[in-house]
Structures are given as structure tokens and as C-alpha cells.
Amino acid sequence: MIYGDKKTKVIVQGATGNQGAFHINLMNRYAEEVGGYGVVAGVTPGKGGREIHGVPVYDSVREALLEHDAATSVLFVPGGAAGDSIMEAAYNGIELVVAITEHIPVHDAMRAVSYAQLEGCSVIGPNCPGTLSPGELKLGIMPVNLSVPGNVGVISRSGTLTYEVVNELTRAGIGQSTIVGIGGDPIIGQTFVDVLERFEKDSQTKAVVLIGEVGGNLEEEGASYTDLPIVTYIAGVSAPPEKRMGHAGAIVAGGEGDAASKIRRLEALGITVAQKPSEIPRLIRKTL
Amino acid sequence: MKLLEFEAKDIFRKFGIPVGKGFVITSPDEIDKHPDGLGDEVVLKAQVDVGGRGKAGGVIITDSKYARENAALLFSRKIKGISVEKVLVEEKLAIENEYYVSITLDRAKKMPVILFSATGGVDIEETAKNSPDALQRVWITPLMHDIPSFMMRRLLKGVPKELGPVINSLYRVYCESDALLAEINPLVTTNKGVYAADAKLIVDDNALFRQGIEVNRDLTDRERRAEKFGFSYVELEGSIGVIGNGAGLTMSTLDLISLYGGRAANFLDVGGGAGEDRVCNAVRLVSEMPGVKIIIVNLLGGITRCDEVAKGIVKAGISQKVAVRLAGTNESEGREILKKHGYMMLDTMDEVVLYAVSEASL
């Protein structure tokens, strides 16, 4: 439980769209199952006064918070408007925004994440599946049937690959404390380091699986940060180099964003790197 | 999407960044339609999107009298394999000094970084490697509208401060054009002032809609069709087609193929909640790629309905084999449908990839 528990009350921004409505229902079914509050209000500008699966919808975050005491928002607002919605949440005192939305323009994400930081608001994502603390709280779209409560934290840049790894862990009898999808976009709020900081303070978490991808150097930064036992897996070893970003970006990343050199650097730090997802349970068990 | 030099320069002009006088032609004859001279010498620049264009023969400096012949020569060339369809004809600048400036994204710091070097016109990766001290960099919060003076002084230590306004304008271009990269290499000083002698802009694909760009040129026809279907799709050169959901899982499937000694033909991420039609479109699209012997469908997720996926695979009815791994709702129904139509369904990623690699090597 690093982003909340059963007692966490949630609002959903972008509540009336297909995705928003669908996942309000799933989040609340899970909340019911574990005895939590779940989603207490929805927000869609211009759609105030409706109800979605019994959840009241408001025109703005401000109006929703006048009626409901919540500090966590899950965001399904479409790409072009999502940056604005993150800032709206931060401005109104929301402390955690989980931004599920894909295809947010990078400049919008950059501005929104910077602004949220000024307001003391943490952002998970964008372009992420959210987070799940099995038996406690689901924020986002992760399937719940693959996971069981336990001591292993999972952090990942991708969605379905996370489910794959969680599925492998569960099949091997290893439960999870909190699973966090931090998102695959170039600009994200919570990084590996931010999540690991929370895992370090979390008495439930004894080891962490860190699932990375090609590009950037966030995995190395994260892995070298913590004393918790870590097993990593990096996807994209076979990714073609010509699909990388332009020259200047590669310089900023130290010239080495590709998976092979990333894996070399992780191994140099003494971190265990799995070659494939199915190896992870065996490697994590060694650390416990 | 990468803009061509002349497109980037059109944008530069709007933001007050000086660029050389010039015009674009699509055939050598068009040179004569522009009687107003650009001076005794002109520069002919192939408008192709490749790095190291000059070294690859994509730039010709010529006496204006021979511009037409040289343009014909340039149009006949292939620059790193790419045909020349447009040529930018520009005045030749009387260059005194060359500099390098670019603005890009620092993912770790989550803000733009401005890079400046007093040695321009060369490969910036070389500069970074051989003389890292020559490369100045400052980070600017995206909430700022202009580059603060102290940052500019830091960048421009020991070089003419006239470069400052151009660099600030480049930052405005970077922000307003939703750029992932804005680069001037070289940025030059002349006796008439500062000019952007070259221009590079990469626009965020997620922001094309508000930059007035309707067609993403960086994609092949099949990639563009894939984009219309809502797939992320990249073509590779192997014989094993790959369809997955989620970029990470799909990438990981590609990695496993290569770990087991096979070669993937493509990367296709169908996205979340794929139903019968999406799966059918994806399978058909991949099967059309030349050289594909077998297709792996690896879908996983709480909301993916396996019976829908199975129907999509059957509906596609392609001639190649399909190896399927599904996990999600209605798994057993999906398995039944596939079995009835003679398709393989396997339980794990390892199994499905091993099977496909051995089939593809037959």
C-alpha cells in the first residue's frame, strides 16, 4: 500500500466516456469486494448532474470536492485535454493523479507534471495502467484476477507486460504488495526512484521487480537508488536502433538508451537482470 | 514526424529566426521561373531526411550560371538511398563562424535541455565525445516563456551575444511547434548578421492534430493503415509476425523470438480491449507482409475476451500458420473455437515463441 488503501476515496476525471464509465464500474466492484470506498465522484465538464454506475458526476473538480472528501483522482480524459485536467486536479488540492490517458502531447505532459509538482501533487503516468494494491485498492485499469496479496512490489513502464510478470509471480505462489505502472511516455510523473522511495518506507514490501524498456536511463537511476533487493527485466533488446529519437536526445541520455547497454550498466551495479519474464519468480525467490 | 529543412525554415521565419533567401524546386527547369538572383553563388540542398546529407552528396555549391545543370545532377542522385524530390535553392551566406544549438527533451529531468556548442557544422555526437567541454547545456522549466538572461550568458560565454535572440526564438519554436527536437546546425554569423544555415524540427506525433499536419510522412503505407486501425506498428525483416497487446508485452515477445534464435517480421500492438474485427484486421495486415511464415498472437489482459480474439483469427482466414497465446476472460471458449478450426493455442509466452521459432525455421 504505497498510494492508499481501502479508506482511499477516489474521483474519476473523464467519467462519462466509454473508458471512464467502464472502469468506474470495475474499480467500484473491486472496492466492494475488499470493503473499500472506491470511486465517490466523477468529473466531466458540461456533464454535471448525471450518474455513472451510481456515481454522481460534476462539472469540475472543485464542485466534486465541495461534496466529497477525496484527494486521489484517476484520469481518463482524452489526450488533447488531459494536461489541462491534471493541472485542474493539482490546483484544487488533489494529492495524487493517476493519468491513464494515452497520446498526451509531450509538451502538455511536461507542463502539467511541472505544475503539479509546484502544487505538491504526485502524478502517476500518463499512458499507464495505474496501480493496484491487492486486497486494498485499485486505481486504474489493471486486471485484479491475476494478482494476490504478498511482499513483492512491482514497478513497470508498460501495462500488459506488468500483467504478464504479475501472472508469473502469482502462478509461482509469490504475492504482490503494490503493483505500479509508471507509464511508457517520454515524460512521466512518478519515476522508478519515486516509487522505490515509497516501497522503502512500506513495511509490507521486501523485494521489488522493476520492468523497464529501451530509451532513457530511468531504470539505472532507480536500481542504483535503493537497498531493497531488486530483479529487473528490460524489454526491447531486439528493438531496431533506427527507431530511436534524434541525435541530441541520445546525447542527453549519455548516448546509450538501448537495452543491451542498459543491461550492462545494471549488471555492473550488481543488479539481477532476467532474460525473460518467466525467469523472474525464480530470481525474486532467491532474494527473499 | 520529421520536417524537411525548408518546412522547418518556413516556421523559423514566422518566429523571426533569420534564414537565407531561397526557394524550393521540384525539377531543374523551375530554377528559371525565379529570375530574381540570389547572388553569384547559390547553394542547392536536397530536401531529404537523412543525417550527414552534405557528406553524402546532397548539397552542391555552384556558380549561379550553372545552377540548372547542377540541380539536374542533384535530382538524379540518391542520397543514402533516398530519391531527391525537392531541392532548396538558397543564397550562399558569407559565413564567418559556425555554431551549434539544439533544444530537446531531458526525460530524466522532465524538462527541455538547451545544448550549445561554439563548434558548429559538424556531427554533434563527435563534439560530445571528443571535446565535451565545448558543449554547454542548460535546463529550462517548461513553465517559463523565455530563456532567462543568466542561462543565456552561461550558454554564450565567449561568443557573440547576438546569438541570444535567435536561441530564444528557437525555444519559442520548440514550444509552439510541439517539437521533440529543434536544432540549428550550423547557426552562423555573417557580415549581415546571424542566420540559421540549416534547420531541423521533429514534431511530436501526438500533437500533429494541432500543428495542422494531417498525414504522418514518416510512416510506410502499411504503417499508415495500421495507424488508422489504431495499432502501433513497425516493420522489421524476419519471418515471424507478431501481434500483441501493449508495447511492453509485444516488445518482450520480439525479444524472446530473438533469444530463441528467430527473427520477427514486425511489431504490432493492437491496443486495449481488442475485439473480433480489430484482431482480424491485425492478422490480415501482418499476413500481407512478404516473407511472413507464421504469426504469433500474444494477448493478455483482464478485459480481453478470448472468444472474440479467437473469432477474429478464424475470420481473418489467412494462409500462414497462427500460434496463439491468450489469457483473459472466456479463455476456454476461445480455446474451443481455435481448436475447432485447427489453430494452436499455447499456455505461456515461452511455449508460443518456441513453437513459432521452430515452425519458421522449417
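## Helices 6 and 8 of chain B

In this predicted model, helix 6 (residues 221–229) of chain B and helix 8 (residues 276–287) of chain B have axes that come within 11 Å and cross at roughly 175°. Because angles over 145 degrees count as roughly antiparallel, helix 6 of chain B is described as roughly antiparallel to helix 8 of chain B.

Helix 6 of chain B contributes B:Arg222, B:Arg225, B:Ala226 and B:Phe229 to this contact, and these meet B:Arg278, B:Asn281 and B:Leu285 in helix 8 of chain B. Classified by residue type, the contact of helix 6 of chain B with helix 8 of chain B contains 3 nonpolar, 1 polar and 3 charged residues.

## Helices 8 and 9 of chain B

Helix 8 of chain B also packs with helix 9 (residues 306–316) of chain B, at an angle of about 40° and with the axes 7 Å apart. The two helices, helix 8 of chain B and helix 9 of chain B, are therefore oblique to each other. The crossing in which helix 8 of chain B passes helix 9 of chain B is right-handed.

On the side of helix 8 of chain B, the residues in contact are B:Glu276, B:Asp277, B:Arg278, B:Val279, B:Cys280, B:Val283 and B:Arg284. Their counterparts in helix 9 of chain B are B:Glu308, B:Val309, B:Lys311, B:Gly312, B:Ile313, B:Lys315 and B:Ala316. This contact of helix 8 of chain B with helix 9 of chain B comprises 6 nonpolar, 1 polar and 7 charged residues. B:Arg278 takes part in the contact with helix 6 of chain B and in the contact with helix 9 of chain B.

## The sheet of chain B

Chain B contains an open sheet of 4 strands in the order 1-6-2-3, with antiparallel pairing. Strand 1 (22–25) and strand 3 (59–63) of chain B each have a single partner strand and stand at the edges, so one side of each is left without a neighbour in the sheet. Neighbouring strands of this sheet are turned by 20° against each other on average, direction ignored.

Strand 2 (residues 41–46) of chain B pairs with strand 3 of chain B in the antiparallel sense over 5 bridges. B:Leu44 has B:Ile60 in strand 3 of chain B as its bridge partner. Helix 2 (residues 67–76) of chain B packs on the sheet and touches strand 1, strand 2, strand 3 and strand 6 (87–91) of chain B. The direction of helix 2 of chain B makes about 15° with that of strand 2 of chain B.

## Domains of chain B

The domain assignment divides chain B into domain 1 (21–91), domain 2 (95–210) and domain 3 (221–360). Between domain 2 of chain B and domain 3 of chain B, the C-alpha centres lie 43 Å apart.

## Contact between chains A and B

In the contact between the chains, 49 residues of chain A meet 47 residues of chain B. Elements of chain A that give two or more residues to its side are helix 4 (106–118), helix 5 (160–171), strand 12 (207–213), helix 7 (218–223) and helix 8 (247–252). Helix 4 of chain A gives the most, with 7 residues. By class, the side of chain A that touches chain B has 23 nonpolar, 19 polar and 7 charged residues.

Helix 5 of chain A packs with helix 7 (residues 247–259) of chain B at an angle of about 70°, with the axes 5 Å apart. Helix 5 of chain A is therefore roughly perpendicular to helix 7 of chain B. A:Thr160, A:Leu161 and A:Glu164 of helix 5 of chain A make this contact with B:Gly248, B:Leu249 and B:Ser252 of helix 7 of chain B. The contact of helix 5 of chain A with helix 7 of chain B has 2 nonpolar, 3 polar and 1 charged residues.

Technical notes. Residues numbered from 1 in each chain as written. Chains lettered and ligands numbered in written order. Predicted model: local features only at pLDDT ≥ 70, side-chain atom pairs only at ≥ 80, totals over all residues. Axes fitted to C-alpha atoms, helices over the stretch in contact; angles between N-to-C directions. Parallel < 35°, antiparallel > 145°, perpendicular 65-115°, else oblique. Contact = placed C-beta atoms within 7 Å. Nonpolar A, V, L, I, M, F, W, Y, C, P; charged D, E, K, R; others polar. Pairing = 2+ DSSP bridges. Left-handed = near helix turned anticlockwise from the far one by under 90°. Domains from an automatic or database assignment.
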